[in-house]
Amino acid sequence: MSLITKKCCSVEELDKEFSKKISVVRGCLELRYMGTEDAESFKSLQMDVRELRAKFKEMKDLIKIGWEDVAKLENLLKKLEKLNQRINHMEENFPEVLKPTVTEKLEKTQKEVTSGAAKPEVIKENPVASKCNKTFTKMQLVTIQEFESVPKYMKGRLKYEQINKFVNEFNSALEEKYKFLSIPRKELKPSQLKIWQNLKSQENAESKGLFFCTEADLKTYGKIKLDKIALNILTILRHCGKVKEIRGPGPINRYTVV
């Protein structure tokens with residue numbers, strides 16, 4: 001007995017199943033003379049369907065894990081509620097003899113005040129550290145709404161998390177660069193002074209008062225390589241109004257925080 005006859009319980013159901021199969025066969029016969037271009041399109045669609053199936057399976061697995069976590073948390077909540085009940089019971093039934101009196105508490109507080117134990121510790125600020133802590137404008141993270149507004153051709157296969165990871169790395173590089181620039185010239189070694197002067201020479205009238213990183217800065221202070229993916233992310237950030245590019249003079253490109 002075939003699988004179809006096992007599934008079907010009546011002649012009408014058998015008729016429906018065989019009609020479906022015949023319809024599929026007819027469709028295949030119509031498609032057998034398709035051209036190479038159409039065949040490539042179908043092949044691409046088949047790959048997309050397989051990819052979607054794999055993603056659905058992954059999502060189902062994640063949901064299953066999520067439900068298991070929920071069950072664990074519910075079990076933990078029950079245990080915490082029982083523990084809370086026991087603590088409340090212990091507090092309500094604690095022997096009066098063992099409870100400290102109000103007088104004992106006041107005497108203890110007075111002793112701490114007179115002995116100077118309650119005096120707050122005064123923390124002296126490090127003058128060198130305070131000089132180098134120059135505040136700067138950080139790039140804001142991309143919101144989900146901003147990410148969804150980016151055209152599909154611009155995003156490609158890039159994910160939301162990848163873009164914000166790049167933003168954090170960019171901010172780290174920016175922080176390291178301007179932490180170095182905030183050190184007074186007289187405190188720099190000759191080798192550091194050359195780097196300091198080179199960084200200062202990158203500034204121009206258009207970038208005055210703005211915080212920016214060049215490609216070299218991103219490599220030096222953030223270990224970021226401006227490959228194709230990084231350049232695509234910068235294009236998205238320009239689209240979202242997070243960064244502005246200031247070019248020249250010469251081959252220098254400044255990526256400025258807006």
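pLDDT is the predictor's confidence in each residue, from 0 to 100. It matters here, for this is a predicted model.

Start with the scores. The protein averages a pLDDT of 78. At least 70 is reached by 79% of the residues. Helix α6, residues 144-149, has the highest confidence, at 90. Helix α5, residues 127-132, has the lowest, with a mean of 38. Now look at residues 117-133. Their pLDDT stays under 50. For this stretch the model has nine contacts beyond four places in sequence.

Next, find the sheet. Strands of a sheet pair through backbone hydrogen bonds, either parallel or antiparallel.

Follow β1 to its partner. β1 pairs with β3, residues 253-257, over two bridges. The pairing of these two strands is antiparallel. Phe212 has Thr256 in β3 as its bridge partner.

Now step back along the chain to Gln202. Gln202 sits in the loop between α9 (190-201) and β1. Is Gln202 buried or exposed? Its relative accessible area is 10%, and under 20% counts as buried, so Gln202 is buried. Which residues does Gln202 touch, leaving out those up to four places away in sequence? They are Lys177, Ser207, Phe212, Thr214, Asp217, Ile252 and Arg254. Phe212 is the residue whose bridge partner in β3 is Thr256.

Note on methods: Residues numbered from 1 in each chain as written. Predicted model: local features only at pLDDT ≥ 70, side-chain atom pairs only at ≥ 80, totals over all residues. Heavy atoms only, no water. Pairing = 2+ DSSP bridges. Helix = DSSP H or I, 4+ residues; strand = E, 2+ residues; numbered from the N terminus. Buried < 20%, exposed > 50% of the residue type's maximum accessible area, 1.4 Å probe, protein only. Contact = heavy atoms within 4.5 Å.
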